[in-house]
Amino acid sequence: MLKEEKLEITDSEWEVMRVVWTRKKATSKEIIDVLQDKKDWKPATTKTFIGRLVKKGALNTEASGKKFIYTAAVSEGESLKSLKAGLFNHICNTAVGKTIADLIAEATLSHDDIAMLEEVLQSKKKNAVDLIVCNCVPGQCHCKENLDMDCH
Ligand SMILES: [Zn+2]
């Protein structure tokens, strides 16, 4: 169970979580084997990340004979959601559009992906606003540093 809703999973820990999400349950050996192949991580490295995830409450442990079985305590969908929410919480509202455009510009996309994005953009047009209001704390954003400066 999660103690608090803000669970921060590092890039390396994500690699471990993805193995567990894919397999539903995994022993440390299974996780180690996948990441040794994929990332060339030593068993001790992978074990460290597993230990941290258990401590954080992201993985459940269950003893099975001499082995431990790991299952995910957080779903992949929920974790992706908080990853996305986290990204947009770190930037000024006025910079969200540009950030999304940059993400799209850097991504490798299929024709289907692009069709999906076009569909989303078309539907966003219906509710588009004229002006995005900055929601930042003063001092954490240029918008409020200079009152003469418009952030949009
Ligand atoms: Zn701002």
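## A tour from the zinc site to the helices

Start at the metal. Select the zinc ion and its protein donors: C92 (SG), C134 (SG), C136 (SG) and C141 (SG), which lie 2.2 to 2.5 Å from the ion. Donors here are N, O and S atoms within 2.8 Å of the metal (3.2 Å for Na, K and Ca); water is not among the atoms, so sites may look incomplete.

Before moving on, note that this is a predicted model, in which local features need pLDDT of at least 70 and side-chain atom pairs count only at pLDDT 80 or more, while totals for chains, interfaces and linings use all residues. Residues are numbered from 1 along each chain as its sequence is written, and side-chain values use heavy atoms, with hydrogens and water left out.

**Stay at the zinc.** What arrangement do the four donor atoms form around the zinc ion? It is tetrahedral, because the donor atoms subtend angles of 98 to 119 degrees. Four donors count as tetrahedral if all angles lie between 85 and 135 degrees. Now look along the sequence: the donor residues are spaced C-x41-C-x1-C-x4-C.

C136 counts as buried, at 14% relative accessibility. C141 is buried too, with a relative accessible area of 10%. The classes are buried under 20% relative accessible area, exposed over 50%, and partly exposed in between (1.4 Å probe, protein chains only).

**Go to helices 2 and 3.** Select residues 28–39 for helix 2 and residues 43–56 for helix 3. Helices (H or I, at least four residues) and strands (E, at least two) are DSSP runs, numbered from the N terminus. The axes of helix 2 and helix 3 come within 9 Å and cross at roughly 120 degrees. That angle makes helix 2 oblique to helix 3. Axes are lines fitted to C-alpha atoms, for helices over the stretch in contact, and angles run from 0 to 180 degrees between N-to-C directions. Angles under 35 degrees count as roughly parallel, over 145 as roughly antiparallel, 65 to 115 as roughly perpendicular and the rest as oblique.

Show the side chains. S28, I31, I32, L35 and Q36 in helix 2 meet P43, T46, K47 and I50 in helix 3. Contact means heavy atoms within 4.5 Å.

Centre on T46, in helix 3. Is T46 buried or exposed? T46 is buried, with a relative accessible area of 0%. Leaving out residues up to four places away in sequence, T46 touches I31, I32, L35 and W41.

Select residues 11–23. The axes of helix 1 and helix 3 come within 9 Å and cross at roughly 85 degrees. Helix 1 is therefore roughly perpendicular to helix 3. Here S12, E13, V16 and M17 in helix 1 meet F49, I50, R52, L53 and K56 in helix 3.

**Check two loops.** Select K24, in the loop between helix 1 and strand 1 (25–27). K24 has a positive phi of about 70 degrees although it is not a glycine. K24 is exposed, with a relative accessible area of 62%. Next, pick D40, in the loop between helix 2 and helix 3. D40 is not a glycine either, yet has a positive phi of about 65 degrees. D40 is exposed, at 67% relative accessible area.

**Last stops.** Find S64 in strand 2 (residues 59–64). S64 counts as partly exposed, at 36% relative accessibility. Finish on S82, in helix 4 (residues 76–89). S82 is partly exposed, with a relative accessible area of 38%.

Terms used:
Four donors count as tetrahedral if all angles lie between 85 and 135 degrees; four count as square planar and six as octahedral if opposite donors are over 155 degrees apart and all others between 65 and 115; anything else is irregular.
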